[in-house]
Protein chains: 2
Amino acid sequence: MKEKFGWGLIGYGGMGNYHFEKLSKRDDIEIIGEYDINPERNKIAESKGLHAFSSAEELLNDERIDFITIATPNEFHKDYAIRAMQAGKGVISEKPVTMSSEELDEMIKCSERTGRLFTVHQNRRWDPCYLTVKKLYDENKLGRIFRIEHRVHGSRGVPGDWRNRQPGGGMVYDWGVHLLDQMLMLMGEHKIVSVYATLTHITNDEVDDGFTALFKFDNGVEWIIEISTNNFIELPLWYVLGENGSAQIDDWDGNGKICMVTDWENKDAVPVVAGVGLTKTMAPRTDDSIDEYPTEPAKGDWTEYYDNIVDVLQGKATQLITHAQQRRLVKLIETVFKSAELNETIKEVF
Amino acid sequence: MKEKFGWGLIGYGGMGNYHFEKLSKRDDIEIIGEYDINPERNKIAESKGLHAFSSAEELLNDERIDFITIATPNEFHKDYAIRAMQAGKGVISEKPVTMSSEELDEMIKCSERTGRLFTVHQNRRWDPCYLTVKKLYDENKLGRIFRIEHRVHGSRGVPGDWRNRQPGGGMVYDWGVHLLDQMLMLMGEHKIVSVYATLTHITNDEVDDGFTALFKFDNGVEWIIEISTNNFIELPLWYVLGENGSAQIDDWDGNGKICMVTDWENKDAVPVVAGVGLTKTMAPRTDDSIDEYPTEPAKGDWTEYYDNIVDVLQGKATQLITHAQQRRLVKLIETVFKSAELNETIKEVF
């Protein structure tokens with residue numbers, strides 16, 4: 001069994017460098033080199049001791065390379081992936097793996113035909129905030145959870161490179177893909193029964209600079225997923241509602257608070273003045289019927305991602321991010337765009 | 001011109017008492033009496049010096065009474081309103097005025113035929129938080145506002161009287177009616193082009209115990225309106241997004257904060273670690289490109305409501321809450337229910 005696998009990189013931008021730095025620390029992976037279409041990036045790679053190939057072809061023909069990571073702009077993932085698999089290399093694509101189910105099917109068929117690894121880098125499955133919410137859900141900590149809201153709010157517009165143009169730009173592809181994948185993973189076997197989405201175009205006409213999407217699942221759970229790039233005040237990152245309590249996660253590390261009802265029957269409600277009216281329904285709870293405490297942030301260890309890749313290359317494991325998961329995620333992204341374009345609730349089950 | 005108008009009250013519950021106490025302070029209104037179907041309530045009225053009639057008929061036949069307020073459970077508004085107008089009285093109905101457009105049309109026709117005042121008590125048009133947001137919108141304080149989110153979150157379930165049963169119970173009727181009316185008022189001449197709504201049934205199967213609704217207007221502005229009764233952590237009451245800034249209102253009085261961008265071109269963004277990834281897009285802004293300050297809460301004077309009623313009775317003014325506004329609001333509520341029932345985006349323009 002091979003103990004060290006040769007690795008190549010296509011696309012040496014910010015994420016390419018992220019992979020390079022992480023993989024440099026591993027004993028079971030040998031860094032062979034990278035190729036970027038931009039000569040300036042190749043110079044920077046060389047200056048960091050990362051060999052720069054003179055072309056993608058040269059890289060793909062290097063027999064030392066067992067697998068590659070593709071970290072180019074999104075519209076180039078497919079061609080590089082297929083060329084690499086045909087050249088006998090395993091492939092990790094940056095997310096989104098591609099922009100259409102048809103393209104993805106070509107890639108998957110190529111993987112099946114060549115027997116090469118083909119997967120995608122959904123690194124945010126290891127985000128501590130996500131894992132913290134997943135634990136709340138799996139352990140039923142808030143009573144039956146009926147609503148999960150997940151918002152990533154920024155205020156800098158869409159970054160000024162390929163992310164702000166078609167094809168492949170915009171926030172659904174850039175950030176939505178992570179949040180949607182997390183939702184699908186957390187919900188496990190449950191099916192989506194409807195999708196309603198609306199995109200924003202505040203600072204960018206060509207691509208979406210944010211979106212809001214509401215999903216219903218077959219077990220009655222609703223999700224709201226929202227990305228924005230024009231919100232100068234942020235709403236909480238995660239907001240989770242259960243029958244007996246609520247949770248709010250404020251940061252990527254999973255820190256936040258949980259508020260549980262301790263006495264449902266507590267009749268402490270007295271009408272309060274609210275604006276120019278009175279309300280008993282909306283009277284805040286008093287301390288004697290609720291219990292508030294911090295969340296227990298979960299740990300996420302992203303190195304599991306490449307551990308799994310090595311295990312797959314050694315034939316010891318199956319890939320964590322499967323073809324079926326990739327298909328479902330791409331289909332979901334297509335449905336978000338379709339709903340927003342038609343301004344309709346799409347009631348497909350998947 | 002009559003200087004003092006006789007007032008009667010049908011339904012002496014919490015809101016009935018609210019009207020009674022407020023009107024007791026006015027010189028231009030003479031309190032004649034009330035009728036409640038529940039003898040206990042009549043006893044309480046008498047103990048407060050409010051004459052209790054022995055029947056609605058007796059009250060409606062009292063010639064001293066010029067106009068009445070109806071503060072019964074919602075399903076009784078229509079019959080009392082029509083009987084009162086036919087008896088020559090002006091009518092103020094508590095909200096929601098009624099539960100269907102058909103019923104409302106009967107009431108409006110009766111008003112037109114009899115020439116009697118017929119309006120509804122949408123008191124929350126004077127809520128300071130609403131007026132604060134309206135001012136932000138009208139004065140374009142945040143740049144073009146593209147999204148307004150209005151949430152009233154409680155955690156006590158639906159109050160345990162007629163509000164928790166059909167017909168006429170539930171949170172769309174109880175609270176939604178206020179928030180929807182505020183939205184229509186704030187948006188002025190602009191039309192709704194689509195509605196998507198989802199109801200919750202967490203603590204109550206018979207009536208909605210909360211809802212989320214997303215509205216699009218013909219000028220591109222989107223609204224989210226949400227009422228809940230099972231949220232132990234509250235999201236901000238109002239959340240308003242403009243092209244150049246955001247606002248958050250935290251209480252009914254309109255207190256909150258505004259955050260404006262002062263330097264759009266500021267390139268201070270450096271990628272930050274976010275979970276197991278890096279992000280430049282979502283890097284928080286640093287202080288040198290934004291300016292944060294408190295809101296300027298607006299004042300709301302609800303006494304204008306009955307000032308207007310007296311002016312209308314004197315023939316000096318037209319009613320603030322018009323038949324056309326009532327029709328549009330009832331139609332909007334019907335559309336919210338229709339969207340939720342069908343789980344569809346309703347694309348009607350109104």
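**Why these words fit this structure**

Author: Over all chains, the structure holds 18 aromatic pairs. One of them is formed by B:Tyr305 and B:Tyr306, with 5.3 Å centre to centre and 85° between the planes. Residues are numbered from 1 along each chain as its sequence is written, while chains are lettered from A and ligands numbered from 1 in the order in which they are written. This is a predicted model, in which local features need pLDDT of at least 70, side-chain atom pairs count only at pLDDT 80 or more, and totals for chains, interfaces and linings use all residues; side-chain values use heavy atoms, leaving out hydrogens and water.

Reader: What makes B:Tyr305 and B:Tyr306 an aromatic pair, and why is the pair called edge-to-face?

Author: Rings of Phe, Tyr and Trp (its six-membered ring) pair if their centres lie within 6.5 Å; planes under 30 degrees apart count as stacked, over 60 as edge-to-face and the rest as tilted. The centres here are 5.3 Å apart, so the two rings pair, and the 85° between the planes is over 60, so the pair is edge-to-face. Both tyrosines, B:Tyr305 and B:Tyr306, are buried. In chain A, A:Tyr305 and A:Tyr306 belong to one aromatic cluster with A:Tyr18, A:Phe67, A:Trp126 and A:Trp302.

Reader: Why is A:Leu186 called buried?

Author: Buried means under 20% relative accessible area, exposed over 50% and partly exposed in between (1.4 Å probe, protein chains only). A:Leu186 has 3%, so it counts as buried. Its place is in helix α7 (residues 171-187) of chain A, where helices (H or I, at least four residues) and strands (E, at least two) are DSSP runs, numbered from the N terminus. Contact means heavy atoms within 4.5 Å. Not counting residues up to four places away in sequence, A:Leu186 touches A:Tyr130, A:Val133, A:Lys134, A:Tyr137, A:Ile148 and A:Trp223.

Reader: And what makes A:Lys78 buried or exposed?

Author: A:Lys78 has a relative accessible area of 15%, so it is buried. This lysine lies in helix α4 (residues 77-86) of chain A. Leaving aside neighbours within four places in sequence, A:Lys78 is in contact with A:Thr98, A:Glu103, A:Glu106 and A:Met107.

Reader: What covers the buried residues of α1(B)?

Author: The cover includes β14 (277-279) of chain A together with β1 (5-10), β2 (29-35), β3 (67-70) and α8 (303-313) of chain B. The buried residues in helix α1 (residues 14-23) of chain B are B:Gly16, B:Asn17, B:Tyr18, B:His19, B:Phe20 and B:Leu23.

Reader: How compact is chain A?

Author: Chain A has 9 helices and 15 strands. Its radius of gyration is 23 Å, close to the 20 Å that the globule rule gives for 350 residues, so chain A is as compact as a globular protein of that length. The radius is taken over C-alpha atoms, and the rule is 2.2 Å times the number of residues to the power 0.38. Buried residues make up 62% of the 350 in chain A.

Reader: What relates chain A to chain B?

Author: A rotation of 180° with 0.0 Å of shift along its axis superposes chain A on chain B (RMSD 0.0 Å). That is the relation of a two-fold axis. Copies are superposed by least squares on the C-alpha atoms of residues with pLDDT of at least 70 in both. Of the residues of chain A, A:Thr345 comes closest to the rotation axis, at 2.7 Å (C-alpha). The copies meet through the same surface, because 100% of the interface residues of chain A are also interface residues in chain B.
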